[in-house]
Amino acid sequence: MSIEQIITPLMGGILIGLAVTIMLVANGRVTGISGIINGAMKRVEGDTLWRVAFISGLISGGLVLFALKPGVFENTTGLGFGQIVTAGFIVGFGTILGSGCTSGHGVCGISRLSPRSLVATITFMFFGVVAVAVVRALTGGAI
Amino acid sequence: MKSEKSRARAAVAYLVGFVFAIGLGLAGMTQPQKVIGFLDVMNWDPSLIFVMVGAIIVHSLAYVFIKNKKSPLLDAAWHVPKSKEITPRLIMGSALFGIGWGLGGLCLGPAIVSLGSGQQSIFAFVLAMLLGMWVFNKVEKALPFKK
C-alpha cells in the first residue's frame with residue numbers, strides 16, 4: 001500500500017470532517033445527506049432553502065472536480081443498468097427507513113458517539129460486505 | 001420574506017456542500033470500484049478506512065468544543081438527533097442501505113457529486129434513489145415499524 005493511498009483519502013476525510021463541523025457550528029445541523037435530500041422534497045416552509053443550497057454546493061463541487069480532476073469520476077465497474085437502478089432505489093428507500101447514511105450515521109453520528117449511529121454503521125458495512133460477496137459469487141468473481 | 005439569518009444559513013450550507021464534494025472526490029468515494037473494493041473481503045482495498053478516520057478525528061474533536069455551546073452561531077437551537085433507541089426500523093433500513101451500497105458502489109453524497117461528470121449511469125442511480133425515497137414516504141404509514 002503506497003503512502004498516496006493513505007494520504008489522499010485521509011485529506012478527503014479531513015475536508016469532510018471540516019465541512020460537517022462548519023454545518024454543526026453555524027447551523028446546528030447534522031450533515032446527513034439522505035435527511036437533507038428527503039427534507040428538501042417535503043418543502044416545509046422555512047426549512048427548504050438551506051437544503052437546496054447544500055445540494056447545489058454538492059453539485060457545484062462535482063462540476064469543479066470534473067473540470068479540474070475528472071479522474072475522480074472514473075468508473076470501471078461496468079455494472080448493468082438493472083443493478084444500478086436497483087441499487088439506487090434500495091439506497092434511497094433504506095436510508096430514509098434507517099434515518100441516515102454514511103454521512104449522517106457514519107461520520108456525524110459516530111463522532112458524537114451516538115449508539116444508534118454506531119449500530120447503523122456496523123449494520124450497513126456488514127450488509128455491504130455481504131452484498132459484494134454475493135454478487136462476486138454469482139458472477140464468478142468478476143466485479 | 002426570508003430572514004437574513006436564513007440566507008446566511010443557506011450560504012453556509014452551500015459552502016459545506018461544496019467542501020464536502022471536494023472531500024468526497026479526493027477521498028475516492030466517487031469511484032464505485034473503490035467502494036466495492038472496500039467492501040470486498042476477497043480482495044480488500046482498505047484506502048477508504050482513512051476517509052472515515054480523517055473525518056471522524058476532525059469532527060469528534062470539534063464536537064467536544066461544540067457540545068457545550070448554548071446554541072449554534074446562526075440559529076436559536078440545535079437540530080441534532082437525540083434518540084438513543086435501537087429500533088428494528090434502524091436496523092432494517094441500514095441493512096437495506098448497505099445492500100444497495102454494495103450493489104452499486106455509490107451512496108447518496110457521492111452520487112449527487114458525480115452528477116457533475118454527466119455519466120448516464122449516475123443520473124439513473126440518482127433518479128432511482130429519489131424514487132426510493134418518494135416510495136418510502138408514500139408507504140411509511142403502512143410499515144410495521146415505529147420510528
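User: How many salt bridges are there between chain B and chain A?
Analyst: The count between chain B and chain A is one salt bridge, a term that needs a side-chain nitrogen of Lys or Arg within 4 Å of a carboxyl oxygen of Asp or Glu. Keep in mind that this is a predicted model, where local features need pLDDT of at least 70, side-chain atom pairs count only at pLDDT 80 or more, and totals for chains, interfaces and linings use all residues. Side-chain values use heavy atoms, without hydrogens or water.

User: Which side chains meet in a salt bridge at 2.6 Å, N to O?
Analyst: Those of R136(A) and D40(B). In general, side chains of opposite charge can pair when their charged atoms come close.

User: Which residues in chain B lose the most area to chain A?
Analyst: F20(B), H59(B) and L103(B), together 8% of what that side buries.

User: What does helix 3 of chain A do with helix 1 of chain B?
Analyst: Helix 3 (residues 49-68) of chain A and helix 1 (residues 4-27) of chain B pack at an angle of about 35°, with axes 7 Å apart. Axes are lines fitted to C-alpha atoms, for helices over the stretch in contact, and angles run from 0 to 180 degrees between N-to-C directions. Helices (H or I, at least four residues) and strands (E, at least two) are DSSP runs, numbered from the N terminus.

User: Who makes that contact?
Analyst: Among them are W50(A), F54(A) and L58(A) from helix 3 of chain A, and Y14(B), F18(B) and F20(B) from helix 1 of chain B. By class, the contact of these two helices has 15 nonpolar, eight polar and one charged residues. Ala, Val, Leu, Ile, Met, Phe, Trp, Tyr, Cys and Pro count as nonpolar, Asp, Glu, Lys and Arg as charged, and the others, Gly among them, as polar.

User: How do helix 2 of chain A and helix 6 of chain B cross?
Analyst: Helix 2 (residues 33-42) of chain A and helix 6 (residues 120-139) of chain B cross at roughly 65°, and their axes come within 11 Å. That makes helix 2 of chain A roughly perpendicular to helix 6 of chain B; angles under 35 degrees count as roughly parallel, over 145 as roughly antiparallel, 65 to 115 as roughly perpendicular and the rest as oblique. The contact includes I37(A) and M41(A) on one helix and M133(B) and W134(B) on the other.

User: What's in chain B overall, helices or strands?
Analyst: Chain B has six helices and zero strands. Its C-alpha trace spans about 50 × 40 × 35 Å along its principal axes.

How values were computed
Residues numbered from 1 in each chain as written. Chains lettered and ligands numbered in written order. Buried area = accessible area lost by both parts, 1.4 Å probe. Contact = heavy atoms within 4.5 Å.
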